[in-house]
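Student: Please show me the model, and then we can go through it by question and answer.

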Amino acid sequence: MPPIKHAGKTLHEHEGYRFALSERRGGRWPELGTSEDREWLGDSWGDLHAVGWHSRFRRAPTLDSQELGARAVNEVLAGDWLPPHLRLELRKQ
């Protein structure tokens with residue numbers, strides 16, 4: 001699924017963080033029935049930990065209901081990101 005294009009761009013930045021938006025799609029948990037599957041998952045987790053080991057966050061925001069809830073909704077509604085019918089749905093929440 002490609003990222004949503006806004007103002008001609010798909011990669012955006014806010015307070016030093018880069019991000020892209022995509023339509024919400026349900027995923028699935030990886031199958032872990034074989035040793036190869038479990039090895040793949042372990043390698044992926046190892047890669048994530050290696051990134052954190054080499055470069056720490058300069059500033060990690062506190063993730064609370066205000067940060068993840070009301071503030072995020074207000075940021076999305078302040079921009080021209082959503083079609084009108086989705087804006088109405090988001091305001092209801």
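Student: How far apart are the mean positions of the positive and negative charges of the protein?

Tutor: Lys and Arg count as positive and Asp and Glu as negative, with His and the chain ends not counted. Each charge is placed at NZ of Lys, CZ of Arg, CG of Asp or CD of Glu. For the 14 positive and 14 negative charges of the protein, the mean positions are apart by 7 Å.

Student: What should I know about the model itself?

Tutor: The model is predicted: local features need pLDDT of at least 70, side-chain atom pairs count only at pLDDT 80 or more, and totals for chains, interfaces and linings use all residues. Residues are numbered from 1 along each chain as its sequence is written, and side-chain values use heavy atoms, leaving out hydrogens and water.

Student: What radius of gyration does the protein have?

Tutor: The radius is taken over C-alpha atoms, and the globule rule is 2.2 Å times the number of residues to the power 0.38. A compact globule of 93 residues would come near 12 Å, but the protein has 18 Å.

Student: Which residues form the aromatic pair?

Tutor: Rings of Phe, Tyr and Trp (its six-membered ring) pair if their centres lie within 6.5 Å; planes under 30 degrees apart are stacked, over 60 edge-to-face and the rest tilted. The whole structure holds one such pair. With centres 6.4 Å apart and 45° between the planes, this tilted pair consists of Phe-19 and Trp-81.

Student: How many residues apart in sequence are the parts that this pair ties together?

Tutor: Phe-19 lies in strand β2 and Trp-81 in the loop between α2 and α3. The pair therefore ties together parts whose separation in sequence, in residues, is 62.

Definitions and conventions:
Helix = DSSP H or I, 4+ residues; strand = E, 2+ residues; numbered from the N terminus.
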